[in-house]
Amino acid sequence: MTMGAHIVGMEVTGVDDNVTKVTLTGRLDTPGVEDIETRFVASLVPAGKSAIVDLSGVEFVASMGIRMLITVARSLHQRHARLVLYGPQSMVKKTLETVSLSEIIPIVGDQAEAIDALSS
Amino acid sequence: MEALLRSLPPESTAAVSRQAVAKTSVAVDDLALSLIMLEGRQAGRRIKVSERPITVGRDHHVDVVLADSDVSRLHCLLSVVDGSVIVEDLGSTNGTFIDDQRIDRRAPVPIGALLRIGEHVFRCEQCRRRDVDRAEEQHRDLDRAANYVLSLLPRPIATGPVRTEWIFLPSARLGGDAFGYEALDAHAFAIYLIDVCGHGVSAAMHSVSVLNVLRQHALPATDFKDPVQVLSALNVMFQMDRHDDQYFTMWYGVYDTRERTLTHASAGHHPGYLVPEERSDAQPLKTPGVMMGAMLDARFHAERTRVPAGSSLYLFSDGVFEVLTAERQWHLSDFVPYLLQPLTRGTSECRRLHQAVKAVCRSDSLEDDFSLLVVTFP
């Protein structure tokens, strides 16, 4: 990826009838979030299904990216559904730990753990 | 012509030549020459140029102030002569450039040409006069708002048991950072920094709300000497769902001048760093705690740290270290070693660090607010 090219990607797939999986890639900085936030929210919130988010392809997350994740997690919570994040790279994980995001959204290692966390 | 201008993207307005104007029913008097800033901290700002010359430079007394170390205090003069923008370099150190060519002393800036002054790049455009006037009015409004935010920040303290200096550079006209400090009584001195997610007007409004609550001590039944009480009360007051889904991170500490201790607590903010006078290490000061506004029942924790004589506390927003170098993304661990470098004689510590970050990051990379507060305990 060209540094700073603000490339961000998003792919939505279904794990099963009750769980949506979103794969995010690239930089979740302000321009990146502006690119995908509407689609991210629209893909998850109206359906009201629990969701897991694969962060392994995310290279950087800024405060606006964290805000997007919290907003969706809170909206799903109001619909009695959950959001679980998994697989962040080490520097992304460190950023999420700094803001203690795991107190709000579970963050686990891989997809299997994420699906387990939905039912815990 | 009006419809034509409206239908064109901004860059196309540059191509509207005076000949084209002449073919329309819109009088030339309804058009104005202006420079739109393409690169620089105020990107998007439009500056009207007229027959009355305007001064450009780094000094605060000029007409167009550019906060850019590559810009001379009084850098150049802009005016309209015979229907063209003319730039006159006033003996600047680093020069004035039109389409990458350094000008000798005085040169016309054709419509569509790029004018570079330091790291600031402008394009010369011809637009409807009322659009230019409206843009200038918006700029003045933002200026007034930015000045209001600045007026809320405390003055640096040069003497006494606690000394402070700071740098506050919003990425846009307005940013989401704020900080403050004050003596709570004869022996307790409160220090804090907040960083609202994102930047721009809405982030600035949020940070100002929080700042005013702190300045006015407008938290019910809260002891401001107790960081946990302060963070807990603010967290309840500024829940995201009642504040446009905005959260903020915060560091709050209280220095006891008798005990020489700093009691501090964090809310999702990266550490502050305590650096001893001999600059041997940077001690991270952070406690566990979620960002403000995200959880109603969030719990915060305080720690007490001994403050050696001559040490300095560094508090800063994430915009200080979340920058891109030519090769990669910088992180906090890349910035911290710079705290240990020796002070530079004749340069404030904040400016030294700002210049150090600017030197390593790409010119377009300081995208976030840059706020840095240094508190020294003699």
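Student: In what order do the strands of the open sheet in chain B lie?
Tutor: Bear in mind that this is a predicted model. The open sheet of chain B holds 5 strands with mixed pairing, and their order is E4-E3-E5-E6-E9.

Student: Which strands stand at the edges of that sheet?
Tutor: In chain B an edge strand has a single partner strand, so one side of it is left without a neighbour in the sheet. The strands in that position are E4 (64-65) and E9 (106-109).

Student: In E4(B), which residue is the bridge partner of B:Val56?
Tutor: Strand E3 of chain B covers residues 54-57 and is joined to E4(B) by 2 bridges, the two strands running parallel. The partner of B:Val56 in E4(B) is B:Val64.

Student: What pattern does chain A follow along the sequence?
Tutor: Chain A contains 4 helices and 5 strands. Read along the sequence, these elements give the pattern β-β-α-β-α-β-α-β-α.

Student: What is the radius of gyration of chain A, and why does it count as being as compact as a globular protein of that length?
Tutor: For 120 residues the globule rule gives 14 Å, and the value for chain A is close to this, so the chain is as compact as a globular protein of that length. Its radius of gyration is 13 Å.

Conventions: Residues numbered from 1 in each chain as written. Chains lettered and ligands numbered in written order. Predicted model: local features only at pLDDT ≥ 70, side-chain atom pairs only at ≥ 80, totals over all residues. Heavy atoms only, no water. Rg over C-alpha atoms; globule rule 2.2 N^0.38 Å. Pairing = 2+ DSSP bridges.
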